Amino acid sequence: MSETLYLELPLTQEKVAQLKVGDSLLLSGIIYTGRDAAHKKMVEALSRGEELPFDVRNQVLYFVGPTPPKPGQVIGSAGPTTSGRMDAYSPKLIERGLTGMIGKGLRSEEVIEAMRKHGAVYFGAIGGSGALLAKRIVSAEVIAYPELGTEAVRRLVVKDFPVMVVIDKDGNNLYESGKAQYRKE
């Protein structure tokens with residue numbers, strides 16, 4: 001078991017290069033949210049030659065649709081959603097400079113190839129722990145597509161947000177290496 005690393009965002013290429021599959025991290029800084037509806041709108045905007053609602057270069061996108069906050073809370077439950085639903089859109093955003101994604105579950109070969117080509121990582125967050133993860137979110141602000149409700153794009157400030165590198169910039173994949181190690185034992 002490796003030690004937990006602290007990582008200040010933004011996620012530059014220099015930081016991406018140091019991350020290896022299986023690394024356990026606590027992220028601090030700004031991350032953005034987006035699920036499939038927001039991804040679709042962003043990629044459609046790009047295809048029309050429009051700018052994105054935020055500069056994705058050196059940024060981390062968290063696949064989450066948080067619940068509304070209760071009084072006194074910054075945000076409601078904010079657990080990861082299944083990443084495969086973003087696979088049709090992720091390569092375009094990675095091409096534009098997105099360096100990190102947070103979600104749960106497998107990614108397509110097209111996404112992994114884009115990560116290899118452009119230098120990006122995929123972080124896993126624990127599904128079912130949305131209420132605990134929400135406590136690591138210091139502030140939340142809707143910055144685009146408010147009509148999408150919980151799926152609007154938000155700018156989050158996080159402090160010690162727990163993730164693990166599931167796929168690194170070289171395409172090393174914990175889902176594959178973990179199974180291979182289990183089979184050996």
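Reply: Arg57 and Asp55 form a salt bridge in which the closest N and O atoms are 2.5 Å apart; the term denotes a side-chain nitrogen of Lys or Arg within 4 Å of a carboxyl oxygen of Asp or Glu. Asp55 has a relative accessible area of 43% and is partly exposed, a class lying between buried (under 20%) and exposed (over 50%), with a 1.4 Å probe and protein chains only.

The model is predicted, so local features need pLDDT of at least 70 and side-chain atom pairs count only at pLDDT 80 or more, while totals for chains, interfaces and linings use all residues. Residues are numbered from 1 along each chain as its sequence is written, and side-chain values use heavy atoms, with hydrogens and water left out.

The structure holds 11 salt bridges. One of them pairs Asp36 with Arg85, with 3.1 Å between the closest N and O atoms. Because Asp36 belongs to helix 2 (residues 36-47) and Arg85 to the loop between strand 3 (60-62) and helix 3, this pair ties together parts 49 residues apart in sequence. Helices (H or I, at least four residues) and strands (E, at least two) are DSSP runs, numbered from the N terminus. Both partners are partly exposed: Asp36 at 24% relative accessibility and Arg85 at 35%.

Glu51 and Arg96 also meet through their side chains in a salt bridge, at 3.6 Å from N to O. Glu51 lies in the loop between helix 2 and strand 3, and Arg96 in the loop between helix 3 and strand 4, so parts 45 residues apart in sequence are tied together. Here Glu51 counts as exposed, at 63% relative accessibility, whereas Arg96, at 38%, is partly exposed.

In helix 4 (residues 109-118), Val111, Ile112, Ala114 and Met115 are buried. Seen down the helix axis, these residues fall within an arc of 160°, so they line one face of helix 4; the arc is taken from the directions from the axis to the C-beta atoms. Glu110 and Lys117 are exposed on the other side of helix 4. The cover over its buried residues includes helix 3 (90-95), strand 4 (100-103), strand 5 (121-124) and strand 7, contact being heavy atoms within 4.5 Å. Just after helix 4, Gly119 adopts a positive phi of about 80°.
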